[in-house]
Amino acid sequence: MVNVPRLVVAAPASGSGKTTVATGLLAAFAEAGLAVSPHKVGPDYIDPGYHSLAAGRPGRNLDPFLCGPDRVVPLFAHGAAGCELAVVEGVMGLFDGAAGRGELGSTAQVAKILRAPVVLVVDAGAQSRSVAALVHGFASWDPEVRIGGVVLNQVASDRHEALLRAALDESGVPVLGVLRRAPLLHVPSRHLGLIPVAERRGDAVGWVRELAALVRGACDLPALLSLARSAPDLPGTAWDPLSELAACGAAFPHPAPPRNRGSAPAPPPAAAAGGAGGSGSDAGRGAVVAVAGGAAFTFGYEEQAELLRAAGAEVVGFDPLRDEELPEGTRGVILGGGFPEMHAADLSANERLREAVAAFEGPIAAECAGLLYLTRELDGAPMCGVLNATATMTDRLTLGYREAVALSDSVLAAAGTRLRGHEFHRTRVEPGAGATPAWGFTGEAARRVDGFVEKNVHASYLHVHWAAEPSLARRFVERCAE
C-alpha cells in the first residue's frame, strides 16, 4: 500500500498560478522540516526544476499518456518513498488532457488515480461573486474529482478578498489561501515557457526562498497538510528499475553508482533500487554513459538515469558548454533536450568537444536539443556535423503528444517498437528525416517520419519517457558494451 499524504494543485486554465502555489508550498513545507516529494502532471521539464530546488529532491513527472495510467501510482510511490507529503502540480486546466482523448493525460485523471484531493488555484483578478459559479462548476463536473479547497490568486485588496470569500462561502469549498498581486509572482519566460533553473540558479534560489515566505503568509498550511493527510491509502507498489528491466528480459542485480567529473552538474542521485530476480546479460556492466547537462541541456526524466544505472551503466554528466572532452572511458552518449538555440554561439565555440563528438564511434541517443547539436549548423553556428542537416530557429511552435513506431533497428529501439512521446520546440531541421528515419508518427495529429538512424546514432525531435519502455535502457547499454 502507498500511504503518502498528497495534494494535487490544479487550476481552471493555464496561467492561473499553479507553479507559483505548488513551488511555494513545496518550499514552505520543506523549510518547516517535512520531507516533501515534488511531482508534475504531463511532459513538462521546466517546472520540475523549480520543484526540485524547492523540495531538495528530484522533481518527477506523472504522465498517463506517455507512461500509461497503470504506471502513475508506481512512479508516484517511487518518487515519494520516505516522504511525509507529496505535492503534484497539474497541467493546463484541470480537465484538459491529450487532444481528442477525453480525460487521458489530464490533471483530473491523475488526481483520480492517486485518489488525491485537489487544491484549485483561481486567478480572481477580474472577478468577484462570479468566482463561486466557476468553483461550483469545477467541483461538480466530475464527482470522482474531489476539490478540497481554493487558493485565490491576483487578489487586489482587502475589500476584493472579502467579496470573494463571501461568494465562496455559498459554494461550500473552503478558501485555503489568498495571494495578492505582486511582482514576485512573475518569473522570466521566453519562447518555451519559464527560463530553466540551470540558467538562473542564483536568482531562482532567491525567488524560491521569497516564494516560500509569501505562501507561508498567504496560505493555511495546517489546513492544507490536514487535507493532504485525508487522502486514503493506495493499493500498489513502487516502480523499480531493476524489476522493470527484468520484466523486459534483463536483470542487473548490482546497479552502478553515479559519478561526475569536471564542470558538469552531477546527475541527481537515484532512489535506492530494490532487488529483482531472473536472469539477464551482464554485458553492459561498468559501461560509461555520458549524459549532457548544463544550461543548454536541461530536459530529462530522472528515471532514465536510474534505468541506465540499473542496467549496469556508469552515468557521468558533462556540460557541452564547458567541458572540452567527453568523460574518460565514455562508451555511449545521451544528448537530451534543452535550449541549444539560446547557447548556439558558446556551443559552437567549444570546438574541441564538437570534434570529440564527431569522432565518437559509440552509440549516441539524441532528442530535440541533442538532434540540433548533431547537425552541421544551428542558425549559422557550426555544430558537431554528425548529421548532414541544418537547424534554424522559427516562429512556429511544434507541441503535442505523438504515437510513434521505430522504423528500423537502432542503438535505442528495435524496428517495430511502438511507444508514445511528445514534441516541444520552435526549431526546424532540414531535412527533417534521414534516408533511414528514426520514427514514424502514426497518430492523426502528425502522420510523418522524423529523425535519423545512421550507424550508431539515433536522433530525433521526439522526447520519450524511458520508464514507459525500459527496453530502451537495456538495448542502449548492451550496444555500449559492444
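**Charged partners and covered spots**

Asp319 counts as buried, at 3% relative accessibility. Keep in mind that this is a predicted model. The partner of Asp319 in a salt bridge is Arg322, at 3.9 Å from N to O, and Arg322 counts as exposed with 60% relative accessibility.

**Salt bridges**

- The count of salt bridges comes to 21.
- Asp158 and Arg180 form a salt bridge, with their closest N and O atoms 2.7 Å apart.
- This pair links distant parts of the chain, 22 residues apart: Asp158 sits in helix α7 and Arg180 in strand β7.
- Asp158 is exposed, at 57% relative accessible area, while Arg180 is partly exposed, at 29%.
- Another salt bridge joins Arg352 and Glu324, whose closest N and O atoms are 3.1 Å apart.
- Here too distant parts of the chain are linked, with Arg352 in helix α13 and Glu324 in the loop between β12 and β13, 28 residues apart.
- Arg352 is partly exposed at 47% relative accessibility, and Glu324 is partly exposed at 41%.
- Through shared partners, salt bridges join Asp158, Glu161, Arg165 and Arg180 into one network.

**A buried charge without a salt bridge**

- Asp450 is part of strand β20, residues 448–450.
- Asp450 is buried yet has no salt bridge, and the nearest side chain of opposite charge, Arg448, is 4.7 Å away.
- Beyond its neighbours within four places in sequence, Asp450 has contacts including Trp439, Phe441 and Tyr461.

- Just after α2 comes Gly56, with a positive phi of about 80 degrees.

Key. Residues are numbered from 1 along each chain as its sequence is written. This is a predicted model: local features need pLDDT of at least 70, side-chain atom pairs count only at pLDDT 80 or more; totals for chains, interfaces and linings use all residues. Side-chain values use heavy atoms; hydrogens and water are left out. Helices (H or I, at least four residues) and strands (E, at least two) are DSSP runs, numbered from the N terminus. Buried means under 20% relative accessible area, exposed over 50%, partly exposed in between (1.4 Å probe, protein chains only). Lys and Arg count as positive and Asp and Glu as negative; His and the chain ends are not counted. A salt bridge is a side-chain nitrogen of Lys or Arg within 4 Å of a carboxyl oxygen of Asp or Glu. Contact means heavy atoms within 4.5 Å.
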